[in-house]
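Please keep the sequence and the structure at hand while reading.

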Amino acid sequence: MSKIRILHMTPPEINNGVYKYILNHMQYIDQNRYQFEFLTRNKKALMETKEYQKYHFNIWSFENTERDGREGLKREIIRILSNGFDAIHLHTSVWRGFLIEQIAMELGISQVIVHSHSTGVDFATKEDRDRILAIHEEYKQQFSMNMATDVCACSKLAGEWLYGEQIPKKRIRILPNAIDVEKYHFNLEKRKFMRDKLGLKGRVVIGNVGRYSYQKNQEFLVRAFTKAQQKNNKLFLMLIGQGELKEYLKNLIKKLGVKDSAICLDWQENIEDYLQAMDVFCLPSHFEGLSICAIEAQAAGLKCYVSDTLSKETRITDLVEYLPLDESIWENILIGAQKDNDRKWVDDEIVRHGYDIRSAAGKLVEVYRGRKGN
């Protein structure tokens with residue numbers, strides 16, 4: 001039986017939720033039956049991942065953009081998509097056009113899947129956000145099922161964000177951002193090791209994992225933390241990620257006088273170990289599709305404070321508390337944070353809600369099995 005070849009079109013940033021979603025699921029899908037390939041503008045970074053070293057999947061790269069000329073980009077897309085793919089899975093957060101979708105449908109690719117991973121526009125300036133939002137809303141109203149065979153989303157809110165009223169709600173498949181629950185179990189020995197390694201003895205660690213960006217809103221957390229730390233000097237802020245605002249945040253921490261009580265770490269491959277060292281997880285995002293990191297933090301047994309803009313689907317355990325983006329409220333919450341050396345396992349709740357990677361991989365396979373002619 002020949003393999004089903006699935007081309008994933010992905011954003012250029014490697015350490016983000018989209019790649020986590022694909023690569024997490026890839027490990028639990030039959031490699032003899034389904035062959036994942038990638039279309040990206042960042043081939044070099046993808047080739048440096050441990051997943052590439054393990055699977056050596058095909059990576060397709062295109063260089064043209066619509067700014068360089070629509071016809072040149074169109075020819076390049078046709079060239080790539082004419083390589084015998086059974087499905088193209090387009091992972092997106094905001095509409096800017098339908099060119100790849102339209103070409104894929106015209107070429108008769110059996111399955112053209114559009115998958116929504118967000119609920120907002122992630123640009124630092126309001127001017128850029130408003131500009132992109134206007135484009136998004138225009139294309140959102142034009143999108144139809146003539147441009148895809150399947151539409152998916154990581155949450156109901158993410159579905160509402162990308163698909164207009166012309167797309168029946170029953171057509172939108174919710175594919176949860178699932179994780180390997182066992183990987184994140186609370187482990188007291190690992191917690192002690194990580195805290196010793198990071199020099200956190202006696203500190204109450206406030207953690208955040210995510211791209212340093214407008215969306216993730218770490219500036220808000222740094223400012224609320226600074227005020228809380230003045231009243232509780234045991235507090236320590238650990239930020240983990242990469243992104244365009246990293247240097248800004250590092251400078252802000254220095255400017256606010258908490259450089260001895262806060263750190264901006266680069267992205268870490270072993271996030272599960274760093275979660276062990278934390279006592280509280282904070283996610284004051286302006287928006288999320290559905291945060292994988294919030295699921296991971298719950299699996300690690302961490303108390304999670306998240307902004308009330310996030311989908312209610314984020315709360316898969318009673319560890320999650322929603323807060324408005326009011327600095328004084330977060331400050332007061334952080335002042336009372338305590339060390340947590342006795343965190344509970346919440347496996348059953350995560351599995352029951354469908355966020356265990358094994359069951360979620362089965363749901364993804366069901367989508368691929370729905371190909372025309374399969």
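C304 is buried, since its relative accessible area is 0%. The model is a predicted one, and in it the closest cysteine sulfur to that of C304 belongs to C282, at 8.7 Å, which is too far for a bond. A disulfide would require the two sulfur atoms to lie within 2.5 Å. A search of the whole structure finds zero disulfides. C154 is likewise in no disulfide, the nearest cysteine sulfur, that of C152, being 11 Å away. C154 also counts as buried, at 0% relative accessibility.

## Aromatic pairs

The structure holds twelve aromatic pairs, and two of them are set out in the table below.

| Pair | Distance between ring centres | Angle between planes | Class |
|---|---|---|---|
| Y19 and F38 | 6.2 Å | 15° | stacked |
| Y34 and Y368 | 6.2 Å | 40° | tilted |

Why does the pair of Y19 and F38 count as stacked? Its planes meet at 15°, and planes under 30 degrees apart are classed as stacked. This pair links distant parts of the chain, with Y19 in helix α1 and F38 in strand β2 (residues 34-40), 19 residues apart. Both Y19 and F38 are buried.

The rings of Y34 and Y368 have planes at 40°, so that pair is tilted. Because Y34 lies in strand β2 and Y368 in helix α15 (residues 357-369), the pair ties together parts that are 334 residues apart in sequence. Y34 is buried, with a relative accessible area of 4%, and Y368 is buried as well, with a value of 0%.

Elsewhere, ring pairs link W95, F98, Y139, F143 and Y163 into a cluster.

Which residues of helix α5 (residues 99-106) are buried? They are L99, I100, E101, I103 and A104, a set that includes the charged residue E101. These buried residues pack against β1 (4-9), α4 (70-81), β4 (87-92) and β5 (111-116). Just after α5, G108 takes a positive phi of about 80°.

Strand β4, one of the elements that the buried residues of α5 pack against, contains T92. With a relative accessibility of 18%, T92 counts as buried, the cut-off for that class being under 20%. Leaving aside residues up to four places away in sequence, T92 touches V114, H115, S116, H117, S118 and L162. For one of these contacts, S118, the C-alpha atom lies 7.8 Å from that of T92, although the two residues are 26 residues apart along the chain.

## The second largest pocket

The second largest pocket has a volume of about 510 Å³. Its lining is made up of 27 residues, and those that lie nearest its centre are K20, N24, K50, E51 and E269. The elements that give two or more residues to this lining are α1 (17-26), α3 (50-55) and α11 (271-277).

What is the make-up of the lining of the second largest pocket, in terms of nonpolar, polar and charged residues? The residues divide into eleven nonpolar, six polar and ten charged.

How values were computed. Residues are numbered from 1 along each chain as its sequence is written. This is a predicted model: local features need pLDDT of at least 70, side-chain atom pairs count only at pLDDT 80 or more; totals for chains, interfaces and linings use all residues. Side-chain values use heavy atoms; hydrogens and water are left out. Buried means under 20% relative accessible area, exposed over 50%, partly exposed in between (1.4 Å probe, protein chains only). On a 1 Å grid over the protein atoms alone, a cavity is a set of points where a 1.4 Å probe fits but cannot get out, and a pocket is an open set with protein on both sides within 12 Å along at least five of seven lines; lining residues have an atom within 4 Å of a point. Grid points are joined across faces, edges and corners, and a volume is the space filled by probe spheres set on the points. Helices (H or I, at least four residues) and strands (E, at least two) are DSSP runs, numbered from the N terminus. Contact means heavy atoms within 4.5 Å. Rings of Phe, Tyr and Trp (its six-membered ring) pair if their centres lie within 6.5 Å; planes under 30 degrees apart count as stacked, over 60 as edge-to-face and the rest as tilted.
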